[in-house]
Amino acid sequence: MDFTLTEEQIMIRDAARDFARNELLPGVIERDEKQEFPHEQIKKMGELGFLGMMTDPKYGGGGMDTVSYVLAMEEISKIDASASVVMSVNNSLVCWGLENFGTEEQKQKYLIPLATGEIIGAFCLSEPEAGSDATSQKTTAVDKGDHYIVNGTKNWITNGGTASVYLVICQTDVEKGHKGINALIIEKDMEGFVVGPKENKLGIRGSDTHSLMFNNVKVPKENRIGEDGFGFKFAMKTLAGGRIGIAAQALGIASGAFELALQYSKERKAFGKEISKHQAIAFKLADMATEIEVARLLCLKAACDKDEHKNYDQSGAMAKLYAAEMAMRNTIEAVQIHGGYGFVKEYHVERLMRDAKITQIYEGTSEIQKIVISRGLLK
Ligand code: CAA
């Protein structure tokens with residue numbers, strides 16, 4: 001077992017680290033406060049290749065491995081989890097889904113501008129009454145021969161307002177259960193498609209989360225991904241990889257908070273010495289560092305499984321479950337180590353604590369990860 005990163009992987013990690021410190025850190029507090037999408041920064045991320053990292057270069061991507069993607073996600077998330085969720089959805093769900101299951105025409109038309117970051121994509125599965133229970137889709141796509149007519153509502157859609165292309169999971173034949181579900185590519189300017197109001201969120205406030213309404217949207221059949229009825233499997237396969245990205249996001253949020261807490265503990269004095277020299281704090285730091293390392297290894301293991309074309313449903317779910325729970329615990333500890341300073345915005349850790357919460361919820365709650373893991377065990 002070789003834990004050594006390649007030169008290329010180190011270079012990508014360092015480039016992401018520099019970008020996060022130089023371009024994302026300035027203004028991150030204000031963007032969070034004003035719920036401002038990082039338009040300029042996301043544009044630069046596209047130019048640097050962070051929005052289509054794993055996509056084949058022939059479709060405008062970087063052709064990198066999943067390990068590099070995990071390393072970059074950790075670095076970006078240490079500073080700005082609002083930017084990293086845009087990166088994660090565009091890379092893992094939208095580009096990966098289109099590259100692996102789209103037609104050549106769909107790749108030429110949609111994947112190339114998505115992978116180069118010219119446009120951004122969204123993945124639309126969740127509904128007012130279908131989040132965890134993903135087969136209960138109420139959005140319908142009625143087959144009209146050469147096109148579908150789509151009606152329904154999607155909720156909590158990341159990149160909802162900023163995206164140009166939406167991968168929308170719809171029910172075509174309710175009798176067939178999950179085999180009656182289709183994934184359709186819907187463009188923002190298709191008639192009858194309405195972007196609803198932006199959500200006012202606890203965390204990742206710089207990201208753009210909306211509900212979406214589809215009122216008799218006419219979608220050509222050539223915009224269906226895969227065979228008729230493939231939509232649920234498309235969603236499951238895509239989310240399995242997406243979970244590795246979100247695990248790396250959670251890891252980054254935790255390691256960002258840890259680095260701040262470690263630094264603070266070496267500067268802040270109490271009872272005549274730096275607080276890091278008090279065992280109460282030193283033990284917290286030791287626990288945090290250990291848990292972060294465990295999460296990092298789980299993320300890299302899942303990424304290696306994917307790169308080696310092994311099944312990563314289990315390892316991805318384990319990484320996501322552990323990293324998300326760990327991020328929540330450890331960002332709370334980072335605030336605690338900062339004391340009163342941790343409770344104010346300029347020290348960053350309160351934002352990281354708020355951002356950590358969503359990693360336990362999106363791309364499958366922690367409970368969903370346990371379903372995936374236990375089903376794998378009991379198979
Ligand atoms: N790969 C391929 N096929 C898969 C699969 C996978 N990973 N997981 C399931 N399937 C297949 C099964 O084999 C089965 O097919 P067959 O009937 O042909 O055998 C079919 O899909 C149905 O599977 P299940 O019976 O296991 O389905 P279920 O209804 O019991 O659901 C679940 C399983 C794991 C709970 C699933 O519903 C799930 O993952 N729910 C959570 C959804 C989720 O993550 N939502 C997040 C929204 S997206 C988001 O958050 C993006 C963002 O904004 C950041």
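Predicted model: local features only at pLDDT ≥ 70, side-chain atom pairs only at ≥ 80, totals over all residues.
Residues are numbered from 1 along each chain as its sequence is written, and side-chain values use heavy atoms, leaving out hydrogens and water.

Helix α3 spans residues 39–47, and Gln41, Ile42, Met45 and Gly46 are buried in it (under 20% relative accessible area; exposed is over 50%; 1.4 Å probe, protein chains only). Seen down the axis, these buried residues fall within an arc of 145 degrees, so they line one face of α3; the arc is taken from the directions from the helix axis to the C-beta atoms. His39, Glu40, Lys43 and Glu47, on the other side, are exposed. Helices (H or I, at least four residues) and strands (E, at least two) are DSSP runs, numbered from the N terminus.

## Strand β7 and its partners

Strand β7 (residues 209–220) pairs with β3 (residues 147–158) in the antiparallel sense over nine bridges; pairing requires at least two DSSP bridges. Thr209 in β7 stands opposite Thr158. Strand β6 (residues 193–198) is also antiparallel to β7, with four bridges, and Val195 has Leu212 of β7 as its bridge partner.

## The ligand

An oxygen atom of the ligand lies 2.5 Å from a side-chain N or O atom of Arg375. For Arg243, a polar side-chain atom is 2.9 Å from a ligand oxygen atom.

Methods: Polar contact = N/O pair within 3.5 Å; in protein donor to acceptor, adjacent residues only side chain to side chain.
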